[in-house]
Amino acid sequence: MFWFLLIAMVVVVAAVTLVVLGGSDTAALPEAAPEQLVDPLPLDRPVGRADVDALRLPVGMRGYRMADVDEVLSRLGAELAERDARIAELESALAGAQATASGRSDMFTEPGQEPGR
């Protein structure tokens, strides 16, 4: 019984090996193109929430491809920093405009009227 199982196992392994390696001139498995990042992030406008939600990163043998992930995170970080700088600039301009407006005594007078009347 032992010899029968051993011979059956050798035959199965040999058959699988021949199928995988291919006994003919044609390849058993077609060559697969490596999965590459198709960057759906827009270049002509700021990245929006829908763009980030639609982003799908390619998976490699051991998880996500680090170069593609680093590229996307770098781009998102740069856009967020640019937005933060723009928001700070606008808040500063608004604070300056409010300070200037609060220092004026004629802020609530009608045009053409003198202040204090």
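# Labels and cut-offs in a predicted model

Visitor: Why is Arg 83 called partly exposed?

Guide: The relative accessible area of Arg 83 is 35%; buried means under 20% and exposed over 50%, with a 1.4 Å probe and protein chains only, so a value in between is called partly exposed.

Visitor: How do you know which residues Arg 83 is in contact with, leaving aside its neighbours within four places in sequence?

Guide: Contact requires heavy atoms within 4.5 Å, and with those neighbours left aside Arg 83 is in contact with Pro 46, Val 47 and Gly 48. Arg 83 and Pro 46 are 37 residues apart in sequence, and their C-alpha atoms are 9.1 Å apart in space.

Visitor: Why is Glu 79 called buried?

Guide: Glu 79, which also has its place in helix H3, has a relative accessible area of 16% and therefore counts as buried. Not counting residues up to four places away in sequence, Glu 79 touches Arg 45, Pro 46 and Val 47.

Visitor: What makes the meeting of Glu 79 and Arg 75 a salt bridge?

Guide: A salt bridge needs a side-chain nitrogen of Lys or Arg within 4 Å of a carboxyl oxygen of Asp or Glu; the N to O distance for Glu 79 and Arg 75 is 3.7 Å, and they do form one. Both residues are buried, and being 4 residues apart in helix H3 they are separated by about one helical turn.

Visitor: How many salt bridges does the structure hold?

Guide: There are 2 salt bridges in the structure. One of them joins Arg 86 and Glu 89, whose closest N and O atoms are 2.9 Å apart; Arg 86, at 44% relative accessible area, is partly exposed, and Glu 89, at 47%, is partly exposed as well.

Visitor: How do you know that the span of helix H1 agrees with its number of residues?

Guide: The expected span is 1.5 Å times one less than the number of residues, so the 20 residues of H1 (residues 2–21) should span 28 Å, and the end C-alpha atoms, 29 Å apart, agree with that. H1 is hardly covered, with 0 buried residues among its 20.

Visitor: Why is the pair of Phe 2 and Trp 3 called edge-to-face?

Guide: Rings of Phe, Tyr and Trp (its six-membered ring) pair if their centres lie within 6.5 Å, and planes under 30 degrees apart count as stacked, over 60 as edge-to-face and the rest as tilted. The count comes to 1 aromatic pair: Phe 2 and Trp 3, at 5.7 Å centre to centre and 70° between the planes, are edge-to-face. Phe 2 is exposed at 58% relative accessible area, and Trp 3 is exposed at 61%.

Key:
Residues are numbered from 1 along each chain as its sequence is written. This is a predicted model: local features need pLDDT of at least 70, side-chain atom pairs count only at pLDDT 80 or more; totals for chains, interfaces and linings use all residues. Side-chain values use heavy atoms; hydrogens and water are left out. Helices (H or I, at least four residues) and strands (E, at least two) are DSSP runs, numbered from the N terminus.
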